[in-house]
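Here is a structure to read step by step.

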Amino acid sequence: MNGHKIYVTRRIPDQGLDLLRTVADVEVNPDDAPLDRATLLAKAAECDGVLGLLTDRIDAEFFDAAPRLKGYANYAVGFDNIDVAEATRRKVPVSNTPGVLTHATAECAWALLFAVARRVAETDRVMRSGAWTGWGPLQFLGSGVTGKTLGIVGAGRIGTAFALMSRGFGMKVLYTSSSNRRNAVLDKELGAELVPFETMLERADYVSIHTPLTPQTRHLFDAAAFARMKSTAYLVNTARGPVIKEDDLVQALQSGEIAGAGLDVYENEPAMAPGLAERDNAVILPHVGSATTATREDMSTLAARNLMAMLDGRRPETCLNPELFDSRA
Ligand code: DGY
């Protein structure tokens, strides 16, 4: 133990906590609930390192409150909760957990895609209600996947893994890229096509969102986007809720402008837009994309290793502001 003090803003799997306890005095929020702002700031004031979640806002006010802070480790790959520029300005390294949750999240996107296309959640509700009257040729008709066109918005790690999983279904794969850069893996493995966003909307039977939330992607999917999509198309989102303007989505689902949506994330979590929960053509999950036991354990150890490196003045494995260490070299 070297006298370092660490605060963990919510209970995470023990693997990472055990690691942290080998180098520091570790305090964990005892409640299995998001930490309130005042406690976050008060705890940050006493700590050398904080391991936090996507529900913790890591901004100028947080850094003001944390004069001793040597590093902040996010227990998530998404980092729209962190003002990275502000962290860099203050020379505080910050990290996230990419890689370890790629397959879990991509698999969750497929679970949503199938669930909404084949009406899995809706018909499960019918069975449980006792309303099923027996087999019928016109009942619960959904949409198939084989041979259809799949659109990937944001072909990074998770988007690429998701697209590769389509191999068994012989799908035509389209993808967008904010930097207009080709994805060599998708091009080679799937003969995928890099297309403008609007082209994807017009051609895809299934669109899956894998882009980070940035000022450019906030409300990328709004009424105008839904108007361009096929009325038979489905939208899946396992990335960040605000990429979709949720009120517009509810409208599009209600009017039949698109066929359905599979959602794991929401614009104002844990709330949902009015009307969304009433839509049978929406499958709604409580932000569980990375929620497998092994993945959450891997996130725990990666976030812990990152924080331990930062406390040591070393560059964490998955650093969001690596330039801080380049300039120290
Ligand atoms: C992330 O990592 O960004 C997910 O939303 C939670 O695992």
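A search of the whole structure finds 0 disulfides, a disulfide being a pair of cysteine sulfur atoms within 2.5 Å. In general, a disulfide is a covalent bond between the sulfur atoms of two cysteines. Cys 47 is in no disulfide, and its nearest cysteine sulfur, that of Cys 319, is 20 Å away. Cys 47 counts as buried because its relative accessibility is 1%. Buried means under 20% relative accessible area, with a 1.4 Å probe and protein chains only. Cys 319 is buried too, at 15%.

This is a predicted model, where local features need pLDDT of at least 70, side-chain atom pairs count only at pLDDT 80 or more, and totals for chains, interfaces and linings use all residues. Residues are numbered from 1 along each chain as its sequence is written, and side-chain values use heavy atoms, leaving out hydrogens and water.

Now the sheet. It is open and has 7 strands, in the order S8-S7-S6-S9-S10-S11-S12, with parallel pairing. Strands S8 (193–194) and S12 (282–284) stand at the edges; each has a single partner strand, so one side of each lacks a neighbour in the sheet. Strands (E, at least two residues) and helices (H or I, at least four) are DSSP runs, numbered from the N terminus. Two strands pair if DSSP finds at least two bridges between them.

Take one pair. S6 (residues 149–153) and S7 (residues 172–176) are parallel and share 5 bridges. Ile 152 stands opposite Tyr 175 in S7.

How values were computed. Buried < 20%, exposed > 50% of the residue type's maximum accessible area, 1.4 Å probe, protein only.
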